Number of protein chains: 2
Amino acid sequence: MASSKPLPNLKDLTIENITTNVHAINAQTSNPRLRYIMERLVTHLHDFARETRLSTDEWMEGVKFLTEVGKMSSDVRQEFILLSDTLGLSLLIDSLSHPKPSTATQGTVLGPFHTHTSPSSTQGATITHDPSGTPLLCLCTVSSTSGQPLKDISIDVWETDSKGVYDVQYASYAGQPNGRGLLRSDDEGRFWFKAIVPVPYRIPDDGPVGKMLHALGRHPWRPSHVHFLLEGEGFETLITALYLRHDPYETSDAVFGVKDSLIVDLQDITPEQREMYGVEGDGPCKVLTYDFVLVTEEETQKLRDDEARKAMEKLGLWGEGWRIVDGLPVPDVD
Amino acid sequence: MASSKPLPNLKDLTIENITTNVHAINAQTSNPRLRYIMERLVTHLHDFARETRLSTDEWMEGVKFLTEVGKMSSDVRQEFILLSDTLGLSLLIDSLSHPKPSTATQGTVLGPFHTHTSPSSTQGATITHDPSGTPLLCLCTVSSTSGQPLKDISIDVWETDSKGVYDVQYASYAGQPNGRGLLRSDDEGRFWFKAIVPVPYRIPDDGPVGKMLHALGRHPWRPSHVHFLLEGEGFETLITALYLRHDPYETSDAVFGVKDSLIVDLQDITPEQREMYGVEGDGPCKVLTYDFVLVTEEETQKLRDDEARKAMEKLGLWGEGWRIVDGLPVPDVD
């Protein structure tokens, strides 16, 4: 229901009174969640301008920057997501939306290169056609927080090629996925596939976000990692990635995604593993092992609600009539 | 100079510690003003997400919205300026950047339709070719705050046609200005021209900003007005507009621009005025009179510096080593 308060008299607005007047006119919306989001957005936008005394020239630079970010965005390159990633917003949103108990595998940023094109792969499939990479045998399991192996979990995996470039980033890309696979866990919760050892790469820095990083004296590198997205009925979708220990960018990821529990130590393949998993030849090959742990949707929903309520109380934003709906705070209606 | 603090260890970032870590990595910039702006920007962006518990879906809606705003923007339609206008940010930025003593004419929002194409017009020129509008004779003066008439002030004027549409908004627009004039004040500080009585108009609401207004239950109308931009050597540029009293949108301007001191009462033309200003025929014609008062650059600079310093102190943001440079607060360098 829309606010029943009288509409404001929008005249003679000043540095001091503009914010409450914008709130009053926006309060006409019938959507209480939107009203709350707009109230916080306008407050922070105006406070930002007041606290910096933002000049007309700086404002215009901001307008031009955001316009460029929009114009640079396409189906295969989302520059606003990149901006969100490099400002730490994506990591924050992921943490807010996908809380995890300490017993579960931690999530991290999705990044802008997930597609819905990973080809269905059979157990043990090779997901990359790049002959220049160092072969990597990935031996994984997935279980519940109570230690029960989980079968029939869908696992979407993606990584760059040996040059640090995702398939969709090539101008020549014509819808043929490379470095992507869609697997399924077996009855014992196992899944395994053949990939290449990931390498560090630069986030696309030839656009406005790259210019921003340059002005801030920041590098555009991400440490070597493989992305994973695990989905199974009744379980909270896990968006995560595994990072290599001792990567040169291990502690300076341009998008703030590294977590200690997601760092792995690769091993050299053993002759027994070569035989068991059908790794041909005797050239170098590394092995990555990881045991993923999923939490149920129910558990996550409860955690999300509890954390939202606790956080709102701590921020002093919780009041009479407030509710948590699907983990999101919604204020009382007038 | 860049911060000499050690770089942070960017790992295991959480809802609680992400903000200080993004600040630390951004502090590498050698530009202290940029560092301050980014520090405030990231703080407000993150606080906004934390206070709303912004969900992944809502974040993605935001990403798509901003992308659309960028894609909608062109040389003749700046949707990000429209967004800024409708969120009250433009009015706020204008008030911060262009403080005025109470003796001077108040400024207001520039809007997205100013061009640099107004044709040089002689005194008394007709600036619109729209035969459907009600003729309006504008009789103005410009003086300093001490009452001195100012000669050789350049006055850029623009308004819509009688349908409420600016020349550049027509798909058929081919660089031929209409509803625009560039005048100059005479030795007694006078300038006068022939226009049409302005009408209310909708801001362009067929794009993402229009969708936002709709979701908020807000109308897209601006009250009838004529824009003025006055420039003269040694004087602060005055960006303002004059509004008609009793306009249906007088107290609900979609972009928050109306100020009481900028509202005018039109008069019917007298036979003497018809003769004196060469208004042909005896059809209806209105007269607008206004006396603009400009403030010097020097006075404005002082006012801007004083207000910036006072505001920063009031916000508790002023500390040792802070300086005001061109009206903008700049923090101390480490």
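Domain bounds here come from an automatic or database domain assignment. For chain A this assignment gives domain 1 (1–54), domain 2 (84–295) and domain 3 (300–334). This is a predicted model in which local features need pLDDT of at least 70, side-chain atom pairs count only at pLDDT 80 or more, and totals for chains, interfaces and linings use all residues; side-chain values use heavy atoms, with hydrogens and water left out. Residues are numbered from 1 along each chain as its sequence is written, while chains are lettered from A and ligands numbered from 1 in the order in which they are written.

**Interface of chain A and chain B**

- The contact (heavy atoms within 4.5 Å) involves 82 residues from chain A and 82 residues from chain B.
- About 7600 Å² is buried between chain A and chain B, and 66% of it lies on carbon and sulfur atoms; buried area is the accessible area (1.4 Å probe) that two parts lose on being put together, summed over both.
- Of the area that chain A buries against chain B, 10% is supplied by E51(A), R53(A) and L96(A), more than by any other three residues.
- Across this interface of chain A and chain B, 39 residue pairs are in polar contact, both residues being at pLDDT 80 or more. A polar contact is a pair of N or O atoms within 3.5 Å; within protein, one must be able to donate a hydrogen and the other to accept it, and residues adjacent in sequence count only if both atoms are side-chain atoms.
- On the side of chain A that touches chain B, the elements giving two or more residues include α1 (18–26), α2 (32–52), α3 (56–72) and β13 (328–330) of chain A. Helices (H or I, at least four residues) and strands (E, at least two) are DSSP runs, numbered from the N terminus.
- The element that gives the most to this side of chain A is α2(A), with 17 residues.
- By class, the residues on the side of chain A that touches chain B are 42 nonpolar, 24 polar and 16 charged. Ala, Val, Leu, Ile, Met, Phe, Trp, Tyr, Cys and Pro count as nonpolar, Asp, Glu, Lys and Arg as charged, and the others, Gly among them, as polar.

**Salt bridges**

- The structure holds 40 salt bridges over all chains, a salt bridge being a side-chain nitrogen of Lys or Arg within 4 Å of a carboxyl oxygen of Asp or Glu.
- Between chain A and chain B the count is eight salt bridges.
- R33(A) and E58(B) form a salt bridge, with their closest N and O atoms 2.7 Å apart. This pair crosses between chains, from helix α2 of chain A to helix α3 (residues 56–72) of chain B.
- K11(B) and E250(A) also meet through their side chains in a salt bridge (3.0 Å, N to O).

**Domain 2 and domain 3 of chain A**

- The centres of domain 2 of chain A and domain 3 of chain A, taken over C-alpha atoms, are 33 Å apart.
- Eight residues from domain 2 of chain A and four residues from domain 3 of chain A take part in their contact.
- These two domains of chain A bury about 450 Å² between them, with 56% of it on carbon and sulfur atoms.
- One salt bridge is counted between domain 2 of chain A and domain 3 of chain A.
- A salt bridge joins the side chains of E236(A) and R304(A) (3.0 Å, N to O).

**Sheets**

- In chain A, four strands form an open sheet with mixed pairing, in the order β4-β1-β11-β10; two strands pair if DSSP finds at least two bridges between them.
- β4 (190–196) and β10 (267–268) of chain A are at the edges with a single partner strand each, so one side of each has no neighbour in the sheet.
- β10(A) pairs with strand β11 (residues 286–294) of chain A in the antiparallel sense over two bridges, and D268(A) stands opposite K286(A) in β11(A).
- In chain B, five strands form an open sheet of mixed pairing in the order β3-β2-β7-β8-β9.
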